Amino acid sequence: MHLTLQQLRLFEAVARLGSYTQAAKELFITQPAVSIQIKRLEDQAGLPLFEHVGKKTFPTTAGKMMYDASLDILNRVEDLKISIEELKGTVKGTLQMSVVTTSKYFIPNLLGAFLQQYPDVEPKLKFTNRARVIERLMNNDDDFVVMGQAPEDDNLESYPFLNNIIGIVAPADHPLTNKKNITIEELAKQRFLIREIGSGTRYVFDQLLKEHGVKIEPYMELGSSEAIKQAVMAGLGIAVLSLHSVQLERDVNKLTVLDVEGFPLKRRWYAVHLKGRKLSLVARTFLDFILEESHRIMGVEYD
Ligand code: PGA
């Protein structure tokens with residue numbers, strides 16, 4: 001059989017995504033180019049590899065065999081690349097990561113310090129919400145991901161690194177600013193600004209309300225912690241936020257953290273990858289770097 005790696009990559013993407021169009025988009029080529037290459041593979045196999053039901057594309061029995069083989073071959077080639085890189089012993093090449101949006105308040109600092117030591121590393125970062133990060137984690141799309149709480153799953157390897165302190169943030173002149181030990185019930189009467197479903201910050205908030213058996217009617221839902229922060233400063237309401245995101249505003253007394261019973265929550269940030277993943281030299285070096293250096297680089301401990 002005459003197969004090329006590119007054909008196997010295309011084939012794998014079509015089988016995984018169930019669509020020629022989606023595969024073409026992911027690999028930045030045209031849809032007819034995908035069809036031609038799949039047709040060539042089918043000619044080689046002498047059997048159809050996909051069947052089309054409605055708008056979806058499913059692998060046939062031969063297609064399933066081809067899919068398993070292409071995963072084996074592509075993973076082997078990836079491992080080979082990593083081993084050769086290690087043999088050369090140079091920390092260079094791509095570092096592919098997905099990180100939750102809230103980590104934009106510390107990941108650039110960590111990366112900046114790392115790149116000073118290893119300038120040949122090419123970082124590729126995707127900032128997206130927790131749900132999307134988990135999706136990419138399960139697809140093994142990244143070297144590793146960063147999120148606020150690793151999902152409980154035996155197939156995952158997770159490494160806690162920086163503290164993630166979560167508090168109830170309000171404008172500095174809020175009536176509850178000087179009140180001590182505010183109860184959750186009292187808090188629930190306030191206007192709350194919350195993140196979208198799929199956000200890790202929202203997840204923490206929902207868990208908290210569930211634990212206390214408290215229900216609230218959120219005043220407004222916003223798609224990013226930055227938007228929430230601006231809305232809190234504008235006096236639209238209060239919000240649960242990771243204190244990394246409000247450091248500057250607290251320093252200049254625009255925002256304050258309320259003294260609420262059970263708060264602040266002391267959590268960690270985690271680097272996570274699938275257990276079987278063989279980390280590249282670049283990824284392993286960056287992971288070791290953040291495990292050892294992140295507290296020193298970020299300096300502050302929030303309270
Ligand atoms: P988020 O995630 O940026 O999606 O809210 C934060 C987290 O994982 O804690």
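## The largest pocket

Helix 1 (5-17), helix 4 (61-88), strand 3 and helix 6 each supply at least two residues of the lining of the largest pocket. Helices (H or I, at least four residues) and strands (E, at least two) are DSSP runs here, numbered from the N terminus. Helix 4 gives the most to this lining, with nine residues. The model is predicted, with local features needing pLDDT of at least 70 and side-chain atom pairs counting only at pLDDT 80 or more, while totals for chains, interfaces and linings use all residues. Residues are numbered from 1 along each chain as its sequence is written, and side-chain values use heavy atoms, leaving out hydrogens and water.

In all, 34 residues line the largest pocket, and Glu 78, Asn 140, Asp 141, Asp 142 and Arg 277 lie nearest its centre. A pocket is an open set of points on a 1 Å grid over the protein atoms alone, where a 1.4 Å probe fits and protein lies on both sides within 12 Å along at least five of seven lines; lining residues have an atom within 4 Å of a point. The volume is about 1,600 Å³, taken as the space filled by probe spheres set on the points, which are joined across faces, edges and corners. By class, the lining has 17 charged, nine polar and eight nonpolar residues. Asp, Glu, Lys and Arg count as charged, Ala, Val, Leu, Ile, Met, Phe, Trp, Tyr, Cys and Pro as nonpolar, and the others, Gly among them, as polar.

## Helix 6 and what covers it

Let's turn to helix 6. In this helix (residues 130-138), Arg 130, Val 133, Arg 136 and Leu 137 are buried, meaning under 20% relative accessible area with a 1.4 Å probe, protein chains only. They share one side of helix 6, because they cover an arc of only 125° around the axis; the arc is that of the directions from the helix axis to the C-beta atoms.

The cover over these buried residues includes strand 4 (121-128), strand 6 (156-171), helix 8 (200-212) and strand 11 (265-274). Helix 6 is followed by Asn 140, which has a positive phi, near 60°.

## Phe 144 in strand 5

Phe 144 belongs to strand 5 (residues 144-147) and is buried, with a relative accessible area of 1%. Beyond residues up to four places away in sequence, Phe 144 touches residues including Met 97, Val 272, Ala 283, Phe 286 and Ile 290, where contact means heavy atoms within 4.5 Å. Ala 283 is 139 residues from Phe 144 along the chain, yet their C-alpha atoms are separated by 7.6 Å.

Methods. Buried < 20%, exposed > 50% of the residue type's maximum accessible area, 1.4 Å probe, protein only.
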